[in-house]
Amino acid sequence: MSLDTTDSYVTEDGRTIGGVVMEMKNITLRFGGVVAIKDISFDIREGEIRAIIGPNGAGKSSMLNVISGFYHPQEGEVWFHGRKRPSMKPYQVAAQGIARTFQNIALFDGMSVLDNIMTGRLTMMKSNMLQQAIWFGRAEREENQHREQVEKVIDFLEIQAIRKTPVGRLPYGLKKRVELARALAAEPKLLLLDEPMAGMNVEEKEDMSRFILDVNDEFGTTIALIEHDMGVVMDLSDRVVVMDYGKKIGDGTPDEVRNNQDVIDAYLGVAHD
Amino acid sequence: MLDAGQTETEALLEVNNIEVIYNHVILVLKGVSLNVPKGGITALLGGNGAGKTTTLKAISNLLHSERGEVTKGSILYRGEKVQGLSPSDLVQKGAIQVMEGRHCFEHLTVEENLMTGAYTRRASRGDIDADLNMVYDYFPRLKERRKSQAGYTSGGEQQMVAIGRALMSRPETILLDEPSMGLAPQLVEQIFEIVKSLNEEEGYTFLLAEQNTNVALRFAHYGYILESGRVVMDGPAADLRENPDVKEFYLGMSEEGRKSFRDVRSYRRRKRWLA
Amino acid sequence: ELVFPSLSYRTGPFAAGGVPFADGYADYFTLLNERDGGIGGELTRVPECETAYNTEKGVECYEATKGDGALIYQPLSTGITYQLIPKVSADGIPMHTMGYGRTSAANGKVFEWIFNYPGNYWDSASIMVKHALDMEGGSLEGKSIALLYHNSAYGKEPIRTLEELAEKHGYNLTLIPVDSPGQEQKSQWLQIRREKPDYVFFWGWGVMNQVAIQEAANIRYPMDHFIGVWWSGAEPDVLPAGDGADGYKSTNFTGTGTDYPIFDDLQTYVVDKGLAAGDGQSLGQVQYNRGMYAAMLAAEAVRKAQEIHGVSAINAAQMRDGMEALEVTAARMEELGMPNFGPEVNVTCENHGGPGMGLIQQWDASAQKWVAITDYIQSDREVINELIMEDSAAYAAENGIEERCN
Amino acid sequence: MPDQLLYALEVTLNGLMAGVLYSLVALGFVLIFKASGIFNYAQGVMALFAALTLVGIQEGQVPFSHLINAIFGTEIHHFGWTVPAILAIMLTAAVMVVFAWAVERFVLKHLVNQPDIILFMATIGLAYFMEGVGDLMWGADIKKLDVGLPQGGSIWLEENTAWLGGDGFYGFFIDRLDIVATVVAAILVISLTLFSQYSKQGRALRAVADDHQAALSVGISLRFIWVLVWSIAGFVALVAGIMWGTKSGVQFSLSLIALKALPVLMLGGFTSIPGAIVGGLIIGVGEKLFEFFIGPMVGGATENWFAYVLALLFLVFRPQGLFGEKIIERV
Amino acid sequence: MIYREAGDFKTSYRKDSQTFPLKFDRVAYFVLLAVAFLVIPFIINDYWANAVLVPFLIYAIAALGLNILTGYAGQVSLGTGGFMAVGAYSCYKLMTGIDIFGVEFPPLNIFLSVIVSGGITAVVGVLFGLPSLRIKGFYLAVATLAAQFFLVWLFNKWGWAYNHSASGQINAPERSVFGIIVTGPETAAWAKYLFCLVFVFFVAWIARNLTRGAAGRKWMAIRDMDIAAEIIGVNPLLAKLSAFAVSSFFVGIAGALFFSVYLGAVEVGEAFGIQKSFLVLFMVIIGGLGSIFGSFAGAAFMVLLPVLLKNVLVGALGWPTDLAAHLELVIVGGLIIAFLVVEPHGIAQLWRLAKEKLRLWPFPH
Ligand SMILES: Nc1ncnc2c1ncn2[C@@H]1O[C@H](COP(=O)(O)OP(=O)(O)OP(=O)(O)O)[C@@H](O)[C@H]1O
Ligand SMILES: Nc1ncnc2c1ncn2[C@@H]1O[C@H](COP(=O)(O)OP(=O)(O)OP(=O)(O)O)[C@@H](O)[C@H]1O
Ligand SMILES: [Mg+2]
Ligand SMILES: [Mg+2]
């Protein structure tokens with residue numbers, strides 16, 4: 001399969017879903033004896049919210065790690081924008097416009113919230129060491145431009161009040177939000193979210209959902225999302241991949257997945273409303 | 001075992017009006033009082049940063065290592081001040097905490113992690129093996145991964161390790177900090193079932209800090225709601241479940257039932273907590 | 001008041017040598033005060049400053065004490081010496097580096113303020129060769145000598161001299177460096193064991209001394225063919241090796257033991273009065289005597305200066321004049337209660353290095369003491385002077401110094 | 001056999017022995033690192049301190065005599081008795097336990113859950129502190145340590161191997177002290193390995209090293225673990241101090257042997273007890289052979305850096321050392 | 001309220017990101033600068049220059065350098081002494097003229113010599129920084145000792161580096177800037193001081209600029225969580241190597257000044273031994289990792305404390321020097337531990353907390 005724009009369609013709530021941007025082909029990933037991912041293929045279309053669900057240890061996070069170039073699968077290919085992606089270092093992948101958040105929060109504890117979010121824009125900062133050493137001139141100008149963009153993200157996620165707080169001091173939920181802000185600051189084309197709502201209460205999940213939807217809507221960002229809260233997954237996503245023991249056991253719209261017997265047996269337990 | 005509302009029974013753990021300050025300057029808890037009755041399941045609810053974790057750490061005396069201290073008030077476990085006890089004393093006296101964010105011993109294997117839970121026990125090898133098998137029964141996934149280093153297991157697997165490890169100490173009181181975080185839905189149910197059965201069958205006492213209010217209130221007997229370092233509401237779980245504000249903010253239900261997360265887009269929070 | 005700052009090192013890796021030296025230095029001046037009421041009626045004072053053998057602390061000590069009317073510095077460390085050479089020259093305070101420091105400072109034409117009588121490293125090297133010559137009946141032709149040295153400026157000092165002398169006497173020289181601190185010398189000693197040099201000359205310092213002597217004993221190297229420089233020949237160096245050290249030799253430029261009349265005075269006026277700098281146990285030890293000797297030379301220079309300038313409270317510049325005119329004869333030493341305690345010293349404007357003499361002493365493990373086995377031996381001045389001229393000329397050129405004394 | 005080969009063999013043998021001596025110091029590091037993730041820079045000074053104390057006790061020296069004399073104007077130095085070696089060793093071991101307790105009480109306890117580098121720094125502070133205390137207590141002079149260990153080349157071996165080579169060959173040289181050290185090290189390594197692998201405390205040690213807070217939360221008493229481990233490390237330091245002290249006298253420089261142990265650690269892995277031995281052997285042989293064959297070409301005295309460079313090269317291929325625990329890298 | 005930020009509003013990002021956002025701090029800073037440049041040179045004497053201020057300034061540069069590497073980029077290095085040696089010997093060669101393969105370079109101006117020495121050290125630093133991509137944590141720290149020992153050995157052995165002087169020592173010849181002598185024995189105290197101060201000023205300024213911008217964030221990201229940093233787009237090799245380069249550049253400058261201006265003559269093993277590496281690391285940690293102010297505070301602490309102790313114990317109390325020296329070790333060691341126990345994040349953090357308290361003053365929270 002290759003990028004197929006004719007395939008695009010419009011969802012119920014009026015968003016346009018484009019062709020395939022990322023395609024995983026027969027990915028197999030092993031760690032010694034453990035097979036974390038077994039021959040999985042699926043695709044992500046432009047502008048959609050794609051959920052990956054599955055029981056604990058199914059290989060979901062590993063899949064995101066494959067996408068962001070941190071794990072290198074033993075078998076299979078990753079196609080991005082219709083081209084087969086060669087083996088890449090994670091920072092090269094990031095430079096292609098793929099940003100992500102982490103399951104176990106991976107913020108830079110020693111820095112303030114603002115600095116953390118600014119790191120999201122590092123790939124876009126172009127002034128060289130010398131210019132930065134002198135500061136006045138290009139480096140300062142650049143810094144302020146990016147700062148402006150970052151402030152937009154901060155406003156968007158409503159974290160103005162904690163801008164200057166060291167992230168180490170933040171409670172769990174806010175950390176997750178800052179992580180999202182960092183990923184957003186990178187203006188990614190593809191955003192990978194690993195359990196963005198773990199450890200949040202309903203109200204906070206609602207906020208988070210709103211942010212995710214707005215990002216998707218306003219910037220047309222494609223989103224791949226891992227989440228255990230079925231309410232969130234079913235409500236937000238356009239299509240869902242279900243994994244179990246490294247294998248794909250389901251793929252389709254929330255409704256299809258919800259009624260898939262394999263999925264119910266392996267993961268949902270009871271049919272979810 | 002305990003019915004809601006029966007908080008007047010013997011209080012196992014009493015937190016009296018404590019104040020916690022981090023780093024000498026950041027005031028986090030501003031007078032929190034709790035009562036955890038023996039044999040009950042008490043839930044501690046509240047939004048991000050409300051101070052749930054801090055409260056639990058104050059109880060298990062782990063604040064010290066985070067440069068936090070209890071500056072006012074007292075915490076009594078079975079009538080004894082915990083401030084004077086070391087965390088390991090507390091474990092020996094039967095109170096163990098499952099820390100937020102897993103905190104597994106990365107380099108130890110899953111099984112070794114579980115075994116550290118039995119550190120304070122003087123039980124025979126056989127008893128400990130039996131408990132190990134019990135944990136494996138609860139979490140079959142762990143059995144499969146028993147020989148891998150905990151650092152290389154998935155987030156949910158680590159959460160299971162953390163809970164299983166606490167169970168291995170055969171405690172009397174378990175302080176659970178966000179046990180459901182990162183677990184698949186059936187597993188969340190399962191964990192709470194385990195809590196329930198341990199509570200009912202073995203008489204364990206639980207204090208759990210949870211974001212998953214829905215489930216927590218279903219299983220708990222009594223609940224406290226914490227907002228910015230203060231208890232803003234408490235009551236039997238059943239009552240709390242019916243409270244309209246709790247419904248709105250913690251259970252995600254409006255008058256019309258559960259809203260879709262998609263709809264929140266057009267919906268802005270009305271106001272913060274109104275209690 | 002006459003001020004003699006003592007930059008001592010009573011801590012750190014070399015404390016074992018530093019403590020007795022500083023004690024000897026201080027005790028001698030105390031003796032002068034107590035017995036004679038000072039020098040020429042002027043009381044002496046020895047402010048001590050701890051350097052721990054560390055260059056920066058040495059600089060701090062120098063700066064801290066120099067304003068205090070300091071007459072002379074004896075920094076006791078090659079590193080600090082190099083540090084202070086330009087500084088004392090600029091500040092106009094004489095420095096005496098007895099048996100260490102910059103060898104070419106012996107050339108008074110270039111180094112106006114620096115003195116290193118009665119001998120320097122190169123003298124020691126030459127004396128060692130001479131002793132070997134003696135042992136071999138006058139010829140070292142075809143013999144082999146290994147130099148085991150501390151891999152630092154200090155340890156490298158004798159190399160040039162030994163090379164020159166090798167040419168002259170026809171022995172082969174093998175260089176075996178040991179990196180500081182020198183706790184592990186297995187491979188060096190295996191090499192010695194294998195190559196079986198006829199002599200091992202030894203330029204060690206600190207723990208390296210004890211280990212080398214122990215290892216020599218371990219491989220059963222003939223100890224009387226193992227000869228150390230005067231900084232590798234004190235009691236702490238040989239004691240840890242016990243009986244194994246018996247027969248080890250080193251150079252020295254003072255007598256050892258307490259068989260000199262002055263020690264009676266020291267006992268009465270200093271130790272018994274409880275004024276001793278140390279615990280009074282180290283009297284007669286190599287480093288103690290050396291410190292005392294240094295103090296004696298300084299005191300004699302003061303006398304000379306007082307004589308020249310006719311004032312009792314001399315200043316640093318006058319002190320320098322005194323040093324440059326210093327003459328310590330055998331008779332004078334007799335008078336001082338230190339007969340034959342050191343070589344006769346005669347300093348001139350050109351020659352700041354004195355006679356370049358030293359003796360060979362040998363360790364007697366059963367008696368636990370050093371025994372002088374030769375008289376003061378004159379070094380091979382011909383060779384050494386040439387080297388001194390060469391090196392000092394280079395220094396003069398580098399620093400744009402005009403020759404004096406002409 | 002050709003001479004060159006014989007000498008190489010001899011150098012190798014001696015390298016192995018020297019390596020064992022390094023390992024003795026490295027062992028102490030490993031123990032503490034394993035138990036708390038602390039890189040204990042003070043290990044070398046502990047060896048010095050232990051050796052000083054041993055000699056002091058053995059010779060009946062009055063501790064702090066210099067200080068006391070200076071303050072009260074007294075003249076006390078010795079109690080006037082000597083203590084048998086065995087008893088002195090036991091007393092010293094007891095002192096090291098007290099020391100371990102003090103370290104826990106005054107340092108570690110307050111630094112729970114701090115970043116590694118802070119703990120590392122604290123141990124450097126500790127090193128200064130103990131060096132000062134050691135000097136104050138026992139004086140800075142060089143002391144001879146004699147607990148009756150044999151020393152000097154083994155004549156038996158020399159005589160029985162002399163036939164191997166030609167005229168110039170005296171037979172193999174091995175220091176008898178090194179043989180003793182090897183035996184002691186072997187016993188230590190075996191018992192410590194057993195302890196850490198097969199005991200409950202061993203598992204607790206590793207848990208503590210991973211996560212102080214979590215260890216506390218499951219009821220492991222950091223206090224007990226640390227006192228235990230530092231006591232053992234103190235004992236290992238005493239053994240190292242005895243060996244090195246016998247070799248070179250007891251004095252300040254003894255603390256510098258820590259620097260010889262570091263590359264051993266790197267190579268063997270910070271967390272592995274057998275690694276300390278294997279690392280020591282490799283380093284010992286490597287540096288001796290290098291000094292012997294290559295040293296003369298580059299001017300000699302290569303031993304200080306060669307060990308480090310060798311370890312560095314090793315690490316590039318195996319970042320956790322030969323037997324170290326794999327460094328977990330995950331997100 | 002003594003110290004506050006309320007009412008100090010910012011209207012642009014530029015103002016918000018300036019070094020001293022608070023007016024109070026800003027004024028204090030300028031006053032300090034004025035005193036350092038305009039007052040001290042007139043009152044300084046030899047003792048203060050040689051025993052206190054010049055070493056303080058030079059160590060401050062070294063500490064800034066190490067702080068960039070260790071405090072900002074999280075790479076613990078114990079090779080500082082070795083890198084300072086590279087700076088010192090480069091400076092020596094540059095100031096005395098180099099002859100490379102028969103091409104003669106005339107002696108370089110001392111000011112340039114110092115800067116170029118920094119550059120040379122940066123190159124060496126990068127070389128030894130290469131393994132940092134694979135080796136981490138304490139393994140790296142110990143590995144940097146390889147640099148320390150190797151470099152010291154090299155400068156001891158390599159005659160060319162010390163112009164084949166008989167003893168292997170290097171001596172700084174007299175050099176001047178704008179007719180003012182800054183090296184050699186004739187240097188006036190104020191000239192030494194000012195010369196170093198100028199370097200300190202620029203180095204601190206560059207350090208501040210680098211650490212507040214993109215480079216600093218890359219370093220800190222690598223420090224806090226290297227894998228995450230890589231995944232969000234930081235090239236770890238470049239980030240680490242640039243930290244090594246900048247850090248070594250500063251350390252090289254410090255080494256050059258240490259040799260040429262401060263000591264005037266050095267022997268590598270003694271002046272740049274492992275003790276130096278530890279000393280600078282101490283400064284950085286006591287001062288505060290990842291803090292420019294901390295580098296200064298740490299340098300001041302470690303330079304002043306021994307001098308102070310010595311003056312008190314020996315000067316004021318009249319103790320024997322050896323007891324004083326031993327006690328000094330005990331006190332320094334004890335203080336280091338006490339410091340870490342009280343505030344593991346160093347003087348800089350103490351200062352920050354003090355400010356936070358002042359801000360709340362007189363209320364406790
Ligand atoms: N680096 C690794 N080395 C060894 N095993 C690994 C590694 N990474 C993941 N695994 C294993 O692969 C399996 C899949 O892990 P992964 O983290 O992808 O699960 P997950 O689907 O994200 O689960 P969860 O919902 O619990 O986060 C797990 O069993 C885990 O132990
Ligand atoms: N080590 C610390 N230093 C400073 N402040 C801290 C520290 N730990 C927590 N805090 C602060 O204390 C407050 C309460 O945090 P706590 O972790 O107890 O909240 P929580 O209720 O558990 O939140 P969550 O549900 O997100 O886990 C937060 O505002 C947080 O910023
Ligand atoms: Mg996962
Ligand atoms: Mg929490």
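This is a predicted model: local features need pLDDT of at least 70, side-chain atom pairs count only at pLDDT 80 or more; totals for chains, interfaces and linings use all residues.
Local features need pLDDT of at least 70 and side-chain atom pairs count only at pLDDT 80 or more, whereas totals for chains, interfaces and linings use all residues. Residues are numbered from 1 along each chain as its sequence is written, chains are lettered from A and ligands numbered from 1 in the order in which they are written, and side-chain values use heavy atoms, with hydrogens and water left out.

Chain B contains 10 helices and 12 strands; helices (H or I, at least four residues) and strands (E, at least two) are DSSP runs, numbered from the N terminus. Of its 275 residues, 62% count as buried, where buried means under 20% relative accessible area, exposed over 50%, and partly exposed in between (1.4 Å probe, protein chains only). Among the contacts in chain B with a separation of 6 or more, 68% are between residues 24 or more positions apart, contact meaning heavy atoms within 4.5 Å.

In chain B, the magnesium ion (ligand 4) has Thr53(B) (OG1) and Glu100(B) (OE) as its protein donors, at 1.8 to 2.2 Å. Thr53(B) belongs to helix 1 (residues 52-60) and Glu100(B) to the loop between strand 6 (95-98) and helix 3 (110-117), so that the pair links distant parts of the chain, 47 residues apart. Donors are N, O and S atoms within 2.8 Å of the metal (3.2 Å for Na, K and Ca); water is not among the atoms, so sites may look incomplete. Thr53(B) has a relative accessible area of 16% and is therefore buried.

The magnesium ion (ligand 3) is coordinated by Ser61(A) (OG) and Gln103(A) (OE1), at 1.9 to 2.1 Å. Because Ser61(A) lies in helix 1 (residues 60-67) of chain A and Gln103(A) in the loop between strand 8 (98-100) and helix 3 (113-119), the pair ties together parts that are 42 residues apart in sequence. Both Ser61(A) and Gln103(A) are buried.

Arg146(B) is found in the loop between helix 5 (140-144) and helix 6 (155-168) of chain B and is partly exposed, at 28% relative accessibility. Beyond neighbours within four places in sequence, Arg146(B) contacts Thr109(B), Val110(B), Glu111(B) and Tyr136(B). The C-alpha atoms of Arg146(B) and Tyr136(B) are 9.2 Å apart.

Lys205(A), in helix 7 (residues 202-219) of chain A, is buried at 11% relative accessibility. With neighbours within four places in sequence left aside, its contacts are Met197(A), Met200(A), Asp229(A), Val232(A) and Phe261(B).

Eight pairs of chains are in contact, and chains D and E share the most contacts. Chains A and C do not touch, their nearest C-alpha atoms being 32 Å apart; chains B and C do not touch either, at 36 Å.

The model holds 19 cavities of 30 Å³ or more. On a 1 Å grid over the protein atoms alone, a cavity is a set of points where a 1.4 Å probe fits but cannot get out, and lining residues have an atom within 4 Å of a point. The second largest cavity is lined by 15 residues, with Ala16(C), Gly17(C), Trp205(C), Gln210(C) and Asp237(C) nearest its centre. Helix 7 of chain C gives the most to this lining, with three residues.

Notes
On a 1 Å grid over the protein atoms alone, a cavity is a set of points where a 1.4 Å probe fits but cannot get out, and a pocket is an open set with protein on both sides within 12 Å along at least five of seven lines; lining residues have an atom within 4 Å of a point. Grid points are joined across faces, edges and corners, and a volume is the space filled by probe spheres set on the points.
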